[in-house]
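Subject: Structure handover and what was found in it

Dear colleague,

Please find the structure below, together with its sequence. My notes on it follow directly after, and I would be glad if you read them with the coordinates open.

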Amino acid sequence: MDNNIINGEDFDVEQPKLDRNKKKRILLKNEKKISEVVNSGLVVTSKGRFYFVKKTNDDSNFLYKCVVSGSIQINHNHKTILTVGDKCEFIAPNDNTDGQGLGRITKVEERETFLLRKSINGNNEDVIAANMHQVLVILAAENPKYNLHMLDKILISCEYGSLKPLICINKMDLVESEKVFEDFKEYIRLGYQVFYISALKLENLKQVYKAIENKVTLFIGVSGVGKSTLVNSLFGKEIQKVGKLAKNLRGRHTTTSCNYLFLDNNTAIIDSPGFREFDLFGITKEELPFYFPDFEPFYRKCKFQPCSHTHEPDCAVKKALQKGKISKRRYFSYLTIYENL
Ligand SMILES: Nc1nc2c(ncn2[C@@H]2O[C@H](COP(=O)(O)OP(=O)(O)O)[C@@H](O)[C@H]2O)c(=O)[nH]1
Ligand SMILES: [Mg+2]
Ligand SMILES: [Zn+2]
């Protein structure tokens, strides 16, 4: 005889039939025993305490609504237990789920890449997304005009999470291009790829498309830069609400999450909610200079090792700055970040 049936019979003997709650509990237990198949999956979005998981090698668009299991195995060392892009193991409610039950995530894998920042509330880390190939940092040439200091912080965070950043300046239709080109020359010199586009006028979108093709790319930017417009233009249809949503979200304290959008089988965009602040987390003052490729050719020649390049005598980085070999703006950006770590 089958074990589950024996349990059922035992229950019938020991418990009065009227105890409906108990019966339900036992039945649920039996159900679990029958169908506890462990699946591997990908967290594609989250909402409050719920995570929506796409089963690996499943061609359907079905998403399993899951919660974190009380005994989850965590193979990364972040405080953010689960985030969009995480590879996980989960137990579906049952094999032929109709989407009604809740799955349980029982294991989250190590993160190959990740983008994290300081959380808005308190001195903690917030892993925005994980396991993407690269990050498209979207800025606007105007309305709202780009903040290069914030860009510098995002570039550092990309490096910290083993991610390749791509810089994308949108709304080029609103400005004189030359001024913008001048501002981003230094980034091109440092080896970053920079795109100048108009998501609205569909200008230079092919370059962006080529850069994200066959990759998973996290799109980030402050509210209003045209992230949703760009996503829609790349998809050729309205996927994301333009304008309105961003305004509503600004006033509320809802926890909004990133969202995986598949352009095709091998290409995905992880869309993120617009933010206003981006502060670093997990990087020490001592490490900071190494996140500035600008200093790379010089810091070995500093008299003091290690050198913070702030007050030390005979500092090769400061000499390079005086000779114009390092951008003043980037150096001041460094000082500001250094003070705030
Ligand atoms: N002039 C101009 N306006 C744009 C462009 N892209 C987006 N916008 C406008 O900027 C506003 C915010 O766009 P949205 O895509 O919602 O920004 P998001 O908050 O980053 O998602 C909307 O009014 C868009 O029509 C662009 O390339 N040029
Ligand atoms: Mg938007
Ligand atoms: Zn130095």
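The largest nonpolar core has 74 residues, of which Val53, Val135, Val137, Cys168 and Ile270 touch the most other members; such a core is a set of buried Ala, Val, Leu, Ile, Met, Phe, Trp, Tyr and Cys residues joined through C-beta atoms within 7 Å. Strand 8 is the element that gives the most to this core, with 6 residues. A residue is called buried if 20 or more other C-beta atoms lie within 10 Å of its own, exposed if 12 or fewer, and partly exposed in between, with the C-beta atoms placed from the backbone. Contact, in turn, requires that the C-beta atoms of two residues, placed from the backbone, lie within 7 Å. Once neighbours within four places in sequence are left aside, the contacts of Val53 are Gly41, Leu42, Val43, Leu63, Tyr64, Cys66, Cys88, Phe90, Gly103 and Ile105.

Please keep in mind that this is a predicted model, in which local features need pLDDT of at least 70 and side-chain atom pairs count only at pLDDT 80 or more, while totals for chains, interfaces and linings use all residues. Residues are numbered from 1 along each chain as its sequence is written, and chains are lettered from A and ligands numbered from 1 in the order in which they are written.

As for the chain as a whole, it holds 9 helices and 13 strands, where helices (H or I, at least four residues) and strands (E, at least two) are DSSP runs numbered from the N terminus. Of its 341 residues, 31% count as buried, and among contacts between residues at least 6 apart in sequence, 64% join residues at least 24 apart.

Helix 3, which covers residues 148–160, has 13 residues and reaches 18 Å from its first C-alpha to its last, close to the 18 Å expected at 1.5 Å a residue; the expected span is 1.5 Å times one less than the number of residues. Its buried residues are Leu151, Asp152, Lys153, Ile154, Leu155, Ile156, Ser157 and Cys158, and they pack against strand 6 (114–118), strand 8 (134–140), strand 9 (164–170) and helix 9 (328–340). Just after helix 3, Ser162 takes a positive phi of about 60 degrees. In the loop between strand 8 and helix 3 sits Pro144, and the peptide bond from Asn143 to Pro144 is cis, with omega near 0 degrees. A cis bond is also found from Gln305 to Pro306, with omega near -5 degrees, and Pro306 is placed in the loop between strand 13 and helix 8 (316–322).

Turning to the ligand, 19 residues lie around ligand 1, and Leu200, Gly226, Lys227, Ser228 and Thr229 come nearest; a residue is near a molecule if its C-beta atom, placed from the backbone, lies within 6 Å of it. By class, this shell has 6 nonpolar, 10 polar and 3 charged residues, with Ala, Val, Leu, Ile, Met, Phe, Trp, Tyr, Cys and Pro counted as nonpolar, Asp, Glu, Lys and Arg as charged, and the others, Gly among them, as polar. Helix 6 (residues 227–235) gives the most to the shell, with 3 residues. The buried residues of helix 6 are Lys227, Ser228, Leu230, Val231, Ser233 and Leu234, which pack against strand 8, strand 9, helix 5, strand 11, strand 12 and strand 13. Helix 6 is followed by Gly236, whose phi is positive, near 75 degrees.

In the loop between strand 11 (216–220) and helix 6 lies Ser223, which counts as partly exposed because it has 17 C-beta neighbours inside 10 Å. The C-alpha atoms of Ser223 and Gly274 are separated by 4.3 Å, although these residues are 51 apart along the chain.

Strand 12 (residues 259–264) and strand 13 (residues 267–271) run antiparallel and are joined by 5 bridges, pairing being assigned if DSSP finds at least two bridges between two strands. A hairpin through 2 residues joins strand 12 to strand 13, and Leu261 stands opposite Ile269 in strand 13.

Lastly, Asn57, in the loop between strand 2 (50–55) and strand 3 (64–74), has a positive phi of about 60 degrees although it is not a glycine, and Asn57 counts as exposed because 7 other C-beta atoms lie within 10 Å.

With best regards
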